[in-house]
Amino acid sequence: MKIFIKFILVWLVFLISFNSCNDKLELTNPSQSSPETFMETAAQVQAAVNAVYANLQTRGLYARHMFFSMDNMAHENAGNPQLESDKLQYLEFTFDASHGAIRAFWESCYRGINKANYVLGNEERINEIPDEQIPQATKDNYIGEVKFLRAYYYFLLVSRYGSVPLITSVPETGDGTPKSSVEEVYQQVISDLEDAAAGLFDKTDDGYENGRASKGAAYALLGKVHLYRGEYQEAKDAFENVLGEYSLVDDYRDNFLEETEHNDESIFEVEYQEDLGTADMWNSDASGEGLTEATFRGQEYGWNDWFNVYPSDDLLNEYEAGDPRYVDNFYSNGETFAGGTVSLPLSRVAGWKKYQNYYKEANENLYSSINFRIIRYADVLLMMAEIENEMDNPTEAINYLNMVRDRPSTSMPNYGTTEMDALYPVGTKGEIFDAIVHERKVELAGEQARFPDLVRWGMAADVLGQYGFVAGKHEVFPIPQNEINSNNALTNSDQNSGYN
Amino acid sequence: MKKKLQLIKKMTRYLFFGVLMQALFIGVLLAHEGDAQVNLEKNEVSMNLKEVYLNVNLKRATLVDLFGEIEKNTDFKFFYDKEILNSKSKYSFNGELSLYDLLLEISKESELHFKQVNKNINVKRIEKDFIPQLVLQESTVTGKVVSNENPDGLPGVNVVIKGTSQGTVTDIDGNYEINAPSRESILVFSSVGFVSEEVVVGDRSVINLTLQPDITSLEEIVVVGYGTQNRADVTGAISSIDGDKINSVPTANVSQALQGRASGVTVINNGSPGRAPTIRIRGLGTINNNEPLYVVDGVITSSIDGLNQNDIESIEVLKDASTTAVYGSKGSNGVILITTKSGKSGEVQVNVNAYAGSQWTTERFDLLNTDQYIQYATEAFGAPPRLTDPQYASLLQNDTDWQDAIFQSGVIQNYDVAVSGGGQNSRFRISAGYLSQDGVIIETGTERYNFRANSNFTVGKLKVGENLSLSIGKLRPELNNGGRSAIEHAIKMAPYLPIYEPGNLGGFRGPNSALDGQDAENPVRVLKLGNVENNLLNIVGNIYGEFEIVDGLTFKTQVGTEYTTFNYNSITPSYDDDVEGGTHQSDHAVIAKYNSKLQSVILTNSLNYRKTFADKHNLEILLLAESTSTEINNLNAQSWNFLTNSVEQVSNTNSNVTSTSSEYYRLGYLARINYNYDSKYLLGVSYRRDASSRFGKENRWGAFPSVAVGWRISEENFLVDNSFISNIKLRGSWGITGNDNIPEYRYSTGINSNFHYPIAGQDALGATISGLANPNLKWEETTMLNVGLDLGFLSDQITVTAEYYDNESDDLLMPRILPISSGFNDGTVIENVGSMKTKGFEFTLGYNDYEGDFKWSALLNMGTSKNETLDLGENEFIDGAGFENENISRTAVGHPAFQFYGWQFDGIFQTQEEVNNYAGGTQASNLNAEPGDFRIVDANGDGVINADDRTFIGNPFPKLTYGLNLTATYKGFDFDLFFNGLAGVDVYNTNIYDLEGMPRLFNSGVEVLDRWTGPGTSNTVPRAGGAPSNTQVSSRFVENGSFARLRNISIGYDLTSTINMLNGKVSKFRVYISAQNLFTITDYSGLDPEVGQYTGAQAGTPPTALGGVATNANGQPNVNFQTGIDLGNYPVPKSFVGGVQIQF
């Protein structure tokens, strides 16, 4: 009995000695700030806005797969033997729902959207910050930037995947969201862009910084979205806000060089700047995390480098004889470059010059930081040509086409002249359309414009059928299998047609 | 912050205390040893019973208890007949006694006869009619009896004339003198612990004899969680591995030494020397972290990689709930308990072990040489300019063997010194070790220094002790680039390219994508130019005090601490492998440094009450409280240097610096009762409650009960006298264990501010919400059922253990993959969803033959495990393990976890007609199949070939693991043969993608020369550059990975007696040679069928932080998904070493 008492006594003593430790079970993460206390200062809001841009730089998008997927599917590229299988699948239209990069593309967009939703979900809190700390105009601009980016990510999604889940606030549970119709997604894109255009700084405003979305960018994208939807009047209305605000640069090449970024022709760019750091490039499939301030484009396309792809004969043959844009876009044998004289391997007749650094470097490396011009004024003019043509204003349409051809460095014969009538007559609406198709193909070669163009024009099956494009299927990517698997609101029956 | 300061202050205090104690103890020991030395000189007997003092406090103890007590506290071992065990006499002693006096006292009371033979004390009943007689008129035979252990003479051996009661005993030097009645008389030499010998006298007057030991130590002590148990009383599933076995194979890592040693324990090697292997106890218990819990001398530690094998006394693997539930919070993946060697009372003993040798690998892939490559490239892909342009003709004269360029034979060496000893109240052991191994791939290897001091002291009723170990390790891992292994690059490199090109920056030569039509990387440059070093400093120690409050009731308090720093230094200089272009180059050096520090403090207080009632009711109660606090700090820095390669320090150019820290706290209470009735009916019950800071407030506490029962049938009256059956024990256990192996703070979410975007030429910092919080996180629970049967025959000459287990894990802590569209940066949230079941059998068979000159023993162990995923919550399946942008592994409900998943191939289409007719031509329309492409089996039977025909094509986890150890001794020689293997296991061999995949041009295996080139040319190797499906995940890459391997063969010779002719001080001198992995029986076509996780490291990429587990993008441990995928994994080398073991 005595033992028993002692036993209990001692036990109690050391039970008590541990009791104080219970507090230690309450821990907070010392490495991250808490969402409850974030979005309270100008710097915090600014950072939350900046983060939304970062996903544009991922390997799923402009660091790698945006140009591979679009340029390959459009067959502006042909593949060299060493082209890796997943990129070859774009050329051959053999990708399926398990394709890693098609997932990364999707994921990059949605991660950008989530970051945007995080900011927008805190709109009230941002507006509560005193104007002395953040002027109202700046607050509006923040919201505008975020809405522009959300719209752009959704536009990429809806045009690449068709009907997709439409998520406009940060999810609070792990439950999935069903697909919304293409129409609903577009309505969101349009309303976001309209809001963005209202709130964003103009590129000439004091508060505007290069790299950010501007009012012009929002209108340009809005116009493009309406055009995709065949809403010509709305598209025109939007573009009216852009026309005259930008101008073509004299030298076509200036659209693809590092030193001439953010010039008068540039409306929105995806930024890369190697000297800020590239340490996480290989890790950033979708997250946008870390230092990923370069794109693989130079190295991947570079004829003196990996040379995984080269301009297809079909693209090269599209150029009219003497079109300076051929030389502006492609290297040919015997030409000079920063490393000496061009000698194309594998008996190719041309290698990409556009977005390559050979004008200043003998070799590309992994770290090209030439910004992608996502929308440039020439594109807007060509879209305007299309709109005017569709609205039965042939003169205006031809006029817009000729504006692009009149660029000093291009300076090609105008449509409507006898010289051009021999090649591309513009007597009928259909002929003008063909001229637009031609002009877009040569002006915007390798700028990820042609594949979406072919799809929206309904021409993809005709042009690309020979390579494996199946109408009713390849207009869009498959919904990534991982999305269907992880999203409890989706089943395999939600897969895009032809991919099941 | 304040909290952290306090913790640091506390830590500093503990550390100071530890160092102080250590310093004090060593001082005491040294002083004491001075005295011991004096005693030794006086007494030539190495262990004089009169010199050994014991503080005994026993009341009504049985003989067995008494002997156990003595064995525990001294170096002596008792050997006795079984009948003595049955003695019901009880003895009580109190106070400090010499062992001599103690045994004398027992002898008087019990009519027992004690004989000391060196460290052995042989016990025998005094036979009533045994009266030594001297018959003078008969002839006198004299001689000396020795044993291998005691070449100087074996005292106390009974020498009896057979058939009479005449006899004598040998004296202290082993000499005897006896009168033999006739030439036909037979002398019987017997001594407990030795095999009896009979010798006919004949004409001889001098008969010398060497007795062979009969090693049947009846009392095997097994270490269990928070205590020890007699093997006979164990009711759970425990595998014990002796330190000797751990030492018998030279490995860089303790866990590698466990391979094949215990049933149900799967150890698969993972890479370059020093890389920890993957250990799984009883298969997979969870989709989450499957790492077992490591406990070294009672301290839970984060890893055992730093341990020196030679310091290990024993390893116990706890496998069932009754043994692991006492660790509650962490027991569900099994527990590996390691006990390090401690000092024994008596003479100071010095042990020196040294071995050195070499390791190498002879396996090679059969690759194309330059001529074959040119032919293949030209035919299959069209010759790139390099092969056609005459200016490169001289380059094509080269024929580089890229495999020889990356493989080497490496030196391995290991040196250990240990000094141990002690007096009546203190014991110590200190040791130091050095190990170095060069890998078989150039620039890889490991090096380690170890220091350890264990000591303990008795002051009256108080026992205090400490264990302190320090290890300094350096690991040079295999380097890769872009996740492609050195072996993959060696396969792919064009053979005409030279390794070196002195004119190039860095001095290496690589292909030019355009000219060579390929882009493999020079693996020698990858391995040599980068320099990566993982440095690990690991201090683990504990201090404990044990006080006996009253008889049988002991209070023990222990402070354990682990302090580990991990230091990663990496530099990749600028280089240019391609002067003709820019295929592999960097214009800057990349310097990366990562520092990680883990410190944890474990406080354990316990009360233990042990008592025997009414002779037969043996009761032990343990009450315990334990707290663990761990803090981890990481600092990562990386920068580029465009100016020079010679500065290996981080600077401010293109730099990236981050730091993180985390804390983890656990609190637990345990109650355990072990009861047995007469060691016949056994019962153990335990209950632990644990709280973990990793869970939200509401779910923090978990309860982990266990029950175990045992019945020693052989102790029943009807069997106790059976001479054939020596042991039958039936046992069973049930219990629940827990798992909180997830990262910290997952119940909440934070702000991630690691986003960057250039705005107006500046780095604009970005921040966003990290992920989705789950405040409802709670314990993952595993319910374990175990049934075991132990059998022993012929005095345990043959032993059999069979076990069946059935484990089910519920509320699996799984990273649930959030819908990708939810867009969170952390794409997963950890939830308690899903369950998994694993069951299997284990079987151990032992045989010991201790008779005669040639003695041998065999130990066979095998374990099976069968896993089934029962539920994955919202997920129907989870994919992982990327290769060439596809996932290889899938975990799906209704299937075992982590299976290979892809298409099943069935030969190659030979003609267009076959393509058109197969599945309605759907493989052609969906997947561009043409003649020369693989035919995909219509796995779902819908008549259409497409992505949905993917199916389960292989299992990377073995159905059966086994080990067989054969040992033998013959006179001074000893032999050891050790096999281990896996059966029913598949390997996904991505090397085939490189060797015969032909998706595009790179060097390949010779198989591509026999590729499909037209109808009937091949049904196994497709056309070059065929349909993408040919190289996507499929059965083409799945091979049977079963193997049986001669893990070790060794032969040793005991030179002690020879050496002693020169110097009598040496008590052991053994030399040996051994070879490892000499041959492997397997059908696997790769370099090595033992395929764990690929562990190649990319320079500059942060390694997994301390206490962390490398996870994939979905937050699941990589190792689960990657196991069994051969990405050109580091092959297990063959090795040959020679060594010496000296004790004096």
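The expected span of a helix is 1.5 Å times one less than its number of residues, and helices here are DSSP runs of H or I with at least four residues, while strands are runs of E with at least two, both numbered from the N terminus. This is a predicted model, in which local features need pLDDT of at least 70 and side-chain atom pairs count only at pLDDT 80 or more, whereas totals for chains, interfaces and linings use all residues. Residues are numbered from 1 along each chain as its sequence is written, chains are lettered from A in the order in which they are written, and side-chain values use heavy atoms, with hydrogens and water left out.

**Helix α15 of chain A**

- Helix α15 of chain A covers residues 394-405, and because its 12 residues at 1.5 Å a residue should span 16 Å, the 16 Å between its end C-alpha atoms agrees with that expectation.
- Buried residues (under 20% relative accessible area, with exposed meaning over 50% and partly exposed in between, for a 1.4 Å probe and protein chains only) of α15(A) are A:Ala397, A:Ile398, A:Tyr400, A:Leu401, A:Asn402, A:Val404 and A:Arg405.
- These buried residues pack against four helices of chain A, namely α13 (324-329), α14 (377-390), α16 (418-421) and α17 (429-443), where contact means heavy atoms within 4.5 Å.

**The contact between chain A and chain B**

- Chain A brings 103 residues to the contact and chain B brings 108 residues.
- The size of an interface is often given as the accessible area lost when the parts come together.
- Between chain A and chain B the buried area, which is the accessible area (1.4 Å probe) that two parts lose on being put together, summed over both, is about 8900 Å², and carbon and sulfur atoms give 57% of that area.
- There are 4 salt bridges between the two chains, a salt bridge being a side-chain nitrogen of Lys or Arg within 4 Å of a carboxyl oxygen of Asp or Glu.
- A salt bridge joins the side chains of A:Glu84 and B:Arg484, with 2.8 Å from N to O.
- On the side of chain A that touches chain B, the elements giving two or more residues are α1 (2-19), α2 (42-54), α4 (85-92), α5 (100-121), β2 (266-270) and α20 (481-486).
- Helix α1(A) gives the most to this side, with 10 residues.

**A:Thr292 in chain A**

- A:Thr292 sits in the loop between β2 and α11 (297-301) of chain A, and at 2% relative accessibility A:Thr292 counts as buried.
- The side chains of A:Thr292 and A:Gln57 are joined by a polar contact of 3.3 Å, a polar contact being a pair of N or O atoms within 3.5 Å, of which, within protein, one must be able to donate a hydrogen and the other to accept it, and residues adjacent in sequence count only if both atoms are side-chain atoms.

**Two residues of chain B**

- B:Asn1129 lies in the loop between β61 (1125-1126) and β62 (1134-1143) of chain B, and this residue is buried, with a relative accessible area of 9%.
- The side chain of B:Asn1129 reaches the backbone oxygen of B:Gly1092 at 3.3 Å, and a polar atom of that side chain lies 3.5 Å from the backbone oxygen of B:Ile1125.
- B:Phe547 belongs to strand β28 (residues 531-550) of chain B and, at 38% relative accessibility, counts as partly exposed.
- The C-alpha atoms of B:Phe547 and B:Lys463 are separated by 6.3 Å, although the two residues are 84 residues apart along the chain.
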